[in-house]
Amino acid sequence: PGLIVVIIMIVTVQQTAVTIVRERDLHTAEQMLVSPLRHTELVVGKLLPWTVLAVLEMGVIIGLGMWLFELPLRGSSVVLGLAAVMFVFASLAIGLIISSLTPSAETANIAALLIAVLPSFLLSGFAFPIASMPAALQAVTYLFPARQMVVISRGVFLQGAGFSEVAFELAQLALYVVVAVTVAVQLYARRARR
């Protein structure tokens, strides 16, 4: 269950990390700015297609895990689906933040790899238990949505968790989505004004 989170985090952040940079390079960003759409609508419009693709990817990975590795799904698939959508949206927003801050596609790719791979492996609870980390590092783990999704995924798959058991992590993911999308919109708007 934890590996599903790591794979999706890496793929989603990487997919969107070069989006805005590529638009600047191809000069399509200017065309988008003269459209009647607001910055929020543009950012959400960039995230929605990738969200659908990533959720489908997640479904394929879960299906393969259940079929090939006999991964049991003991908990609520609705909770897992809701968490997956929020996690994917948050991860894609991280990619847009990276894309808004980096000057080139190469820099965006490297930043995305560093921000997606290392935290999803080391700070999510996938490779090392969070409880055994120093207190300062435990606080840093909250900066990445993989932490909450690993707890939810393991809870749903292995412990039969439903909504009540993972409500706190779902609330954290929802807050993360709101903050990450807001930051992505603000950075996109700032970049557009330049």
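Leu 92 is placed in helix H5, where helices are DSSP runs of H or I with at least four residues, numbered from the N terminus. At 0% relative accessibility, Leu 92 counts as buried, a term for residues under 20% relative accessible area, with exposed meaning over 50% and partly exposed the range in between (1.4 Å probe, protein chains only). The model is predicted, so local features need pLDDT of at least 70 and side-chain atom pairs count only at pLDDT 80 or more, while totals for chains, interfaces and linings use all residues. Residues are numbered from 1 along each chain as its sequence is written, and side-chain values use heavy atoms, with hydrogens and water left out.

- Leaving out residues up to four places away in sequence, Leu 92 touches Thr 12, Gln 15, Thr 16, Leu 47, Trp 50 and Thr 51; contact means heavy atoms within 4.5 Å.
- Leu 92 and Val 11 are 81 residues apart along the chain, and their C-alpha atoms are separated by 9.1 Å.
- Ser 99 is also found in helix H5, and this residue is buried, with a relative accessible area of 0%.
- Beyond residues up to four places away in sequence, Ser 99 touches Thr 16, Ala 17, Val 18, Thr 19, Ile 20, Val 21 and Arg 24.

**Nonpolar core and Met 149**

- The largest nonpolar core has 54 residues, and those with the most contacts inside it are Leu 47, Phe 87, Ile 98 and Met 149; such a core is a set of buried Ala, Val, Leu, Ile, Met, Phe, Trp, Tyr and Cys residues joined through side-chain atoms within 4.5 Å.
- Two or more residues of this core come from each of helix H1 (2-17), helix H2 (19-26), helix H4 (39-68), helix H5 (77-101), H6, helix H8 (146-159) and H9.
- H5 provides the largest share of this core, 15 residues.
- Met 149 is found in helix H8 and is buried, with a relative accessible area of 0%.
- Apart from residues up to four places away in sequence, Met 149 touches Val 5, Met 58, Leu 80, Ala 83, Ala 84, Phe 87 and Leu 173.

**Charged residue in helix H9**

- Glu 169 lies in helix H9 (residues 167-193).
- Glu 169 is buried yet has no salt bridge, and the nearest side chain of opposite charge, Arg 147, is 5.9 Å away; a salt bridge is a side-chain nitrogen of Lys or Arg within 4 Å of a carboxyl oxygen of Asp or Glu.
- For charge, Lys and Arg count as positive and Asp and Glu as negative, while His and the chain ends are not counted.
- Not counting residues up to four places away in sequence, Glu 169 touches Gln 148, Val 151 and Ile 152.

**Backbone exceptions**

- Most residues other than glycine have a negative phi.
- Glu 70, in the loop between H4 and H5, has a positive phi of about 55° although it is not a glycine.
- At 66% relative accessibility, Glu 70 counts as exposed.

**Helix H6**

- Leu 122 lies in helix H6 (residues 105-122) and is partly exposed, with a relative accessible area of 38%.
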